[in-house]
Amino acid sequence: MVGKVRKKLVGKGGGRVDGRKPNDLRPIKIEIGLLQRADGSAYIEQGKNKILAAVYGPREVYPRHASLHNKALIRCYYRMASFSTEERKSPAPSRREVEISQVIKDALEPVIFSEFYPRSMIEIFVEVLQADGGTRCAGITAASLALANAGVPMRDLVASCAAGKVDSQLVLDPNDVEDKEGEADLPVAFAPQMGVVTLLQMDGLLSKDEFDQAFKLAVDGCKQINTLQKEALRGKYLAVGAAGGPGQGEKGG
Amino acid sequence: MGDSSEVISNIERKRILELLSRGKRLDGRGVRDYREIRVERGVVEKAAGSALVSVGETKVIVGVKVEVGEPYSDRPESGALIVNAELTPLASPSFEPGPPDEYSVELARVVDRGLRESKAIDLEKFCLIPGKKVLVVFVDIYVLDQCGNLFDASLLASVSALMSSRVAEYVVGKGGEVEAKSKYVPLPFSSYPVSVTMARIGGDFVVDPSLDEEMVADARITVTTDKDGNVCALQKGGAGVFSVDEVLEAIDVAIEKSEELRRDILGV
């Protein structure tokens, strides 16, 4: 930003570029089980983020030597569609996508009873159709629901949300501009029943006090998102129950 | 099709063949009926144009991006069109992550030929500096749910996305620098190519094969026509064969069905 005066992203009253208050999440819309072929699927819109997650498995491991004798192998692929960003992204996976795939896997594995399925694998696919900051978090939120929709036994759901620092103000759920222009970004994933943090990353600069506050803010955001996750799941299965049992596409079990 | 890891039980296979011998299909359609088609345009605001198309349970999303790039050396005064298809592993248990395989390359190329040969996009208008700078139109196809007939769903989604595309106006400065203005105009699009895919199952033809029908089929034929009823692309797939009369029949069916699709689905 050298030599260029940028517009303030947080106003005096704490108003943000998209009209939110510092502690507000973006509007979230969740849909579950919308894909026919996948064992489980979920779609999330969080602000302008549009993300589809699908789960396949437990199924046979390829290559076979990758299989684990005591638990299921969990694989995760986070990918961004080439039209998901302002500039077209090459469809080949970037280093960033490879790393995010890994941290999403690590964020979800703790809640999966993977020991129930030795010598098999569970694959999690996260496809970002439109990106607007915080895609790894929204991806985890959706992937966790796709796992539940696939009927994978889980200890808990995982909800994920970031906190950030923009114009010296701590904010919840930063969007793309706030993330890029801001001073810090702190994505967190949280399993509320277990009370554990399953993803923690940060880039930027925060004082100890700021970190404490931002961390609390992010965990609180995760709890709010978890409420939405549970509502979405309940809505899905109440609808299935009302229709008199599992309908088409209900292959979980 | 070409998807050897998909499986179908013998009893289902037999049932499909038996029904078809009486002119019926497993899902109750007539042999020349499409499944329900839905088109949602403008689903990805960051793309120049986009569309989510479902044909039955098959779902395909297409995003269009337009960027400044270099022309092909054999067409120095023309913009470029690049069509790419990704069979995302979300879409089918048999799709694996990795670089595009033969099937996704075939899908992209069949869609590409439909768009290119029908001159659907007026690429001549996309030349900025002859031989140096032109606009490149990227059509990226992402298959989200593979339940049969990806060819027709992908072209419908591509055409719908292109029809909804807005492109910035570019000006070339004296020094040859290219600048995008803040004004957006519709992408110059016409001829509306539409493909109709038929599967040959035993001695019969079915339009818009579902996944189970694709697995039973011996061969498929995809016929792409433009709005004037000209044939602009053809693709035979699968190990089966067609007689000369069957090919001619397929083209007649395709011209008739594509008119319906253009009218009812694309609204042109």
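This is a predicted model: local features need pLDDT of at least 70, side-chain atom pairs count only at pLDDT 80 or more; totals for chains, interfaces and linings use all residues.
A pocket here is an open set of points on a 1 Å grid over the protein atoms alone, where a 1.4 Å probe fits, with protein on both sides within 12 Å along at least five of seven lines.

I then listed the lining, meaning residues with an atom within 4 Å of a point. The largest pocket has 30 lining residues, and B:Glu86, B:Leu87, B:Glu96, B:Pro97 and B:Gly98 lie nearest its centre. Two or more lining residues come from each of β4 (73–80) and β5 (121–130) of chain A and β4 and α2 (102–117) of chain B. Helices (H or I, at least four residues) and strands (E, at least two) are DSSP runs numbered from the N terminus. By class, I note 18 nonpolar, 5 polar and 7 charged residues in this lining. Nonpolar covers Ala, Val, Leu, Ile, Met, Phe, Trp, Tyr, Cys and Pro; charged covers Asp, Glu, Lys and Arg; the others, Gly among them, are polar.

**Conventions.** I keep in mind that local features need pLDDT of at least 70 and side-chain atom pairs pLDDT 80 or more, while totals for chains, interfaces and linings use all residues. Residues are numbered from 1 along each chain as its sequence is written, chains are lettered from A in the order in which they are written, and side-chain values use heavy atoms, without hydrogens and water.

**Interface.** I found 31 residues of chain B in contact (heavy atoms within 4.5 Å) with 31 residues of chain A. The two chains bury about 2,600 Å² between them, 57% of it on carbon and sulfur atoms; this is the accessible area (1.4 Å probe) lost on being put together, summed over both. On the chain B side, B:Lys46, B:Leu90 and B:Tyr142 lose the most area to chain A, together 29% of what that side buries.

I looked for salt bridges (a side-chain nitrogen of Lys or Arg within 4 Å of a carboxyl oxygen of Asp or Glu), and the rule finds 4 across this interface. One joins A:Arg88 to B:Asp140, with the closest N and O atoms 2.7 Å apart. In chain B, β3 (58–69), β4 (80–87) and β6 (133–145) each supply at least two residues of the side that touches chain A. Strand β3(B) gives the most, with 6 residues.

**Backbone.** I noted a cis peptide bond between A:Gly57 and A:Pro58, omega about 0°; A:Pro58 lies in strand β3 (residues 49–59) of chain A.
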